[in-house]
Each structure stands twice: as structure tokens, then as C-alpha cells.
Amino acid sequence: MPVPEPRTPTDHQPDASEPRPADPPSRHIPPEPDYLSEATYAATRRPVDQAATLLPQAYRSPSFYALERQQVFARSWVAVTLAEKVARSGQVVTASVAGMPIIVTRDGDGELRAFHNVCRHRGTQLVTDDCALRRFRCPYHSWTYALDGRLLGSPLFEGSDIPEDQQALFDTSHRRGFDQRDYGLLPVRVAAWGHIVFVNLSEASPALDEWLGDLPDRLAGYRLDESVAVGELSYDVRANWKLIAENFMEYYHLPWVHPELAKVSRVDDHHRFQGPGMYTGTCTTPISQDPSTSGWLSLPSTPGLNDDDAISGRFLWVTPNLAISVLPTHTFTIIVTPDGPDRTREQAVLNVHRDIAADTDASALADLTRFWDHLNREDIEIVERGQLGVSSDAFPGGPMCYRFEEPLHRFQNMVIDRMVGIDRIPEGDPRGDTSIVTGSSPATGSTQTEPDPSVGVRA
Ligand code: FES
Ligand SMILES: [Fe+2]
């Protein structure tokens with residue numbers, strides 16, 4: 001009698017009476033919260049010493065990202081370029097704001113202008129790269145616009161190969177109801193401060209002056225509008241733009257992420273630098289005098305600084321997308337442009353006062369650019385690690401360490417304000433206050449303070 005082959009597990013046919021193995025537990029993906037509702041942000045709206053960080057979906061969710069473009073970036077003064085790149089008539093810079101292509105230029109009268117980068121005929125993008133032009137000519141059907149946005153011809157034949165006897169065939173000026181004056185480029189609000197040009201897609205937002213609050217006054221001594229770019233860097237960062245912002249505005253990470261810098265830049269020499277306006281500030285004073293780390297001491301100081309500015313470093317994040325590190329000898333600026341929930345482009349630039357640039361050896365400027373590049377790459381590496389963590393559904397958010405993270409709280413509340421439709425500009429700390437900020441009242445945007453001179457807020 002043949003011996004039956006032993007059964008392998010795959011042969012096993014359970015009969016109906018046998019209990020079936022349980023299905024693996026299904027992964028529960030909760031529905032997304034209402035990102036436009038105040039209730040969603042209750043944990044971050046608490047006073048800073050009790051607050052949780054912004055909900056993790058804000059750093060990874062495509063839905064949050066889409067709403068954030070519309071609520072934050074389309075309603076803010078967004079930094080787009082350096083003023084010196086549009087200093088002369090006809091210089092043109094392209095940018096992307098809230099996902100929309102924008103042109104910034106200076107017209108024939110020397111006025112700064114910004115437009116949506118779309119042709120008024122069928123919407124073609126007019127300019128693809130930074131360039132110098134006398135007028136904007138659409139590559140599709142040659143509609144042509146002046147630098148002040150006026151439609152000059154639809155099409156404009158000047159410079160075209162269309163024989164004169166055929167031009168009438170293309171002429172649209174006889175189209176019924178067509179008035180060339182109605183088809184100028186779509187304007188965008190634009191304004192400059194210091195070395196930076198900002199645009200704002202919203203007509204309802206307050207003016208740039210109000211947005212910046214007391215910042216222009218606080219930084220007036222550095223004469224940023226007289227600075228020139230001496231080194232440029234760019235980065236593609238695999239992280240949400242807010243992680244870059246938040247990393248910039250706290251010095252908690254200094255000992256671990258920048259160990260070399262931390263040896264000479266003591267955490268105790270840092271404090272908040274905060275007035276009214278859509279910014280968060282920290283200050284280091286006195287700044288490191290150690291030539292081995294900074295390189296910045298190898299350059300002369302900006303002429304005319306007061307005693308305080310001459311020994312301080314000031315680090316400002318202007319919400320939503322501008323970082324400025326101002327030192328006595330130079331300024332390092334980063335403009336960030338979100339490129340998805342977990343991608344951000346950074347354009348960084350080293351500026352020095354024009355008098356210093358003229359007298360400084362190129363190798364000293366290159367060394368300083370390398371120093372900032374190294375520092376920035378240390379930051380990028382850690383924020384990309386941060387992105388990997390906050391992208392995990394397991395991360396529920398964490399507590400604010402308010403001794404260091406009050407600026408994050410202030411920034412996150414500015415973002416929340418826009419998400420829920422509040423156009424509030426925070427009041428900041430009273431000038432000259434020497435107290436630690438321990439809480440923030442979302443109802444007023446003002447701060448609650450508690451005496452602690454050891455971590456004073458100095459104006
Ligand atoms: S789309 Fe620009 S001219 Fe037709
Ligand atoms: Fe850093």
C-alpha cells in the first residue's frame with residue numbers, strides 16, 4: 001500500500017469546522033481634521049509652557065499643503081528676490097508664490113512692478129527665467145506688454161517676420177468688445193525693504209510696513225539696502241518649509257547640530273529679539289570673537305554701527321519664508337520656497353555693505369560663503385531627519401520646550417491665524433523688557449511674561 005506523502009503547509013485545506021486564522025489588524029487611517037477650524041489647533045493655541053507643537057499633518061499632508069498655499073502664502077508678504085536683481089529698468093525675476101508663477105521687474109520709470117506670469121490671451125507663461133527685457137512678448141501669438149503691464153499689441157508685429165500686407169489678418173483690435181486697455185498684465189502687490197523684494201497676492205493684507213512691524217527700525221543701522229550680494233548658494237531640501245523655519249528660530253539645537261559653533265557661541269549669550277510684526281527674532285550678544293569658527297571677523301564691520309549692533313548677531317525669520325542673519329560684518333539671507341509638503345527650495349545669499357565689498361579680497365568672501373554653506377548643510381541634514389520622523393503616522397506631536405521654543409510657538413500661531421482666516425499681526429514684547437516669555441495669548445497675540453533676567457529679552 002503506498003504511503004501518503006506528508007502534507008506541506010500549502011496543501012492544507014482547512015475544513016469548514018476549523019477556526020480561521022484572524023486577519024491581521026487593519027491599519028486605521030484616521031480622517032484628516034478640518035484644517036480651517038480653530039478647534040484643530042487647540043493644543044498649539046495654549047500658552048507656550050503648556051502647548052504642543054503644530055499637528056504633525058501640517059508637515060506632511062498634501063491637503064494641508066494645498067490649503068496652506070491658499071491661506072498662508074497667498075495672503076502674506078512673501079520674499080521673492082534680492083532688490084539688486086531688479087535695480088534697473090527691464091531686469092526681470094521669475095518666482096513662484098502659492099504655486100503661482102510671478103514676474104518682478106522695474107519699469108521704464110524706475111517703478112518696481114510685479115505681475116502674474118500669464119499672458120492675457122490664453123494664459124501662456126510669458127517668461128521662464130530671470131532675464132533683461134524691453135517688453136514682455138508672449139511666445140505663442142506675440143501679444144506684447146510694456147514693463148508697466150500695458151498691452152501694447154495683440155499681436156505686436158514689430159520685430160516679427162509677418163509681411164506687412166498680411167498683418168491685417170492677425171490684427172485683433174477690431175474684435176467686437178475688445179479694448180486693449182482691459183488686457184494688461186494682472187498686477188500683484190510688490191514692495192521692497194532693505195535688500196529684499198516681497199510680493200503679496202492678496203489685496204486685503206496689511207501693507208508691508210505693518211507686516212514688518214518694528215523690524216526696519218531695529219535693523220536700520222545695518223543699512224541693508226546698501227549691501228550687495230557677494231556669494232550665492234541654493235539647496236533642494238527634503239523637508240517641509242516650516243521645519244526649516246522652526247530650526248532657524250531656536251538655538252536649542254546648537255550644541256548637537258553645530259558642535260564647532262557651540263564651542264565659541266555660548267547658549268547663554270542668546271536671547272529673544274522680539275517686537276511687533278510678523279517675525280520672530282533671536283539675538284546673540286556678544287557674538288563669538290573666535291576667528292577659527294566664524295571667518296566673519298576677517299571682514300571689516302559695516303560702517304556706522306552703534307555699540308550694540310557692533311557686537312551682536314541678529315537672527316530674524318519673517319513669516320512666511322525669509323531668514324536673515326545679520327552680523328556686524330555681513331548678512332546671510334535665505335528665501336525658502338515650498339515645493340510640496342516635504343520639499344523646499346532654498347536660495348541663500350551672503351551680503352556685505354557695498355563699501356566693504358569694494359575693498360575685500362574675493363578669497364575672504366569665498367571662505368565666508370563656505371562657512372555658511374557648512375552651517376546650513378548641518379541644519380538641512382537635521383531638518384531632513386525631522387521630516388522622516390514627522391512623516392510617520394505614529395508621531396502624535398510633542399511639547400514645546402518654552403525656554404528655547406517660544407519663537408516656534410509665536411511662528412506656529414501666526415501660521416494657524418492665517419489657516420483659520422485671522423489677519424492678526426502679533427504685538428511682540430514691550431521694548432526693553434527683561435523677562436522671559438512664558439505664554440502667548442492667541443486671543444490678542446500678546447505675550448505674558450514672568451521675571452527672569454537670566455534669559456532676558458533685550459531690545
Ligand atoms: S497665449 Fe499669449 S499670445 Fe496667445
Ligand atoms: Fe542651526
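(The scale used throughout: 20 or more other C-beta atoms within 10 Å of a residue's own make it buried, 12 or fewer make it exposed, and anything in between is partly exposed, with C-beta atoms placed from the backbone.) S142 sits in the loop between β6 (136–137) and β7 (144–145).

Before moving on, some ground rules. Residues count from 1 along each chain as its sequence is written, while chains are lettered from A and ligands numbered from 1 in the order in which they are written. What you have open is a predicted model, where local features need pLDDT of at least 70 and side-chain atom pairs count only at pLDDT 80 or more, but totals for chains, interfaces and linings use all residues.

**Colour by confidence**

Now colour by pLDDT, the predictor's confidence in each residue, from 0 to 100. The protein chain averages 86, and 85% of the residues score at least 70. Two stretches to pick out are residues 1–12 and 433–459. Over residues 1–12 pLDDT stays under 50, and the model has one contact there beyond four places in sequence. (Two residues are in contact if their C-beta atoms, placed from the backbone, lie within 7 Å.) Over residues 433–459 pLDDT also stays under 50, but here the model has 59 contacts beyond four places in sequence. Where pLDDT is low, the predicted coordinates should not be read in detail.

**Zoom out**

Switch to cartoon and you'll find twelve helices and 19 strands in the protein chain. Of its 459 residues, 39% are buried. Take the contacts between residues at least 6 apart in sequence: 66% of them join residues at least 24 apart.

**Positive phi again: A98**

Hop to A98, in the loop between β2 (91–97) and β3 (100–106). A98 is another non-glycine with a positive phi, about 55°. It counts as partly exposed because it has 19 C-beta neighbours inside 10 Å.

**Two cis peptide bonds**

Most residues other than glycine have a negative phi, and most peptide bonds are trans. With that in mind, select S154 and P155: the bond from S154 to P155 is cis, with omega near 0°. P155 belongs to the loop between β8 (151–153) and α3 (167–170). Then jump to T285 and P286, also joined by a cis peptide bond, with omega about 0°. P286 is in the loop between β13 (279–284) and α9 (291–294).

**Q167, in α3**

Back to helix α3, where you'll find Q167. Q167 is exposed because 12 other C-beta atoms lie within 10 Å. Leaving out residues up to four places away in sequence, Q167 touches F157 and I162. For a distance check, draw a line to L156, eleven residues away along the chain: the C-alpha atoms are 9.5 Å apart.

**R189, in β9**

Next, select R189 in strand β9 (residues 189–193). It has 15 C-beta neighbours inside 10 Å, so it counts as partly exposed. Beyond four places in sequence, R189 is in contact with V199 and N200. F115 is 74 residues away in sequence, with 8.2 Å between the C-alpha atoms.

**T44, in α1**

Select T44, in helix α1 (residues 42–45). T44 counts as buried because it has 23 C-beta neighbours inside 10 Å. Its contacts beyond four places in sequence are A51, A52, T53, L54, Q412, N413 and I416. The pair T44 and N413 spans 369 residues in sequence but 7.3 Å in space, C-alpha to C-alpha.

**Last stop: α6 against α11**

Show helix α6 (residues 241–248) and helix α11 (residues 362–390), which pack at about 130° with axes 10 Å apart. Axes are lines fitted to C-alpha atoms, for helices over the stretch in contact, and angles run from 0 to 180 degrees between N-to-C directions. That angle makes α6 oblique to α11; under 35 degrees would be roughly parallel, over 145 roughly antiparallel, 65 to 115 roughly perpendicular, and the rest oblique.

Which residues meet here? L243, I244 and N247 from α6 meet D379, I382, V383, G386 and Q387 from α11. They divide into four nonpolar, three polar and one charged. (Ala, Val, Leu, Ile, Met, Phe, Trp, Tyr, Cys and Pro count as nonpolar, Asp, Glu, Lys and Arg as charged, and the others, Gly among them, as polar.)

Methods:
Helix = DSSP H or I, 4+ residues; strand = E, 2+ residues; numbered from the N terminus.
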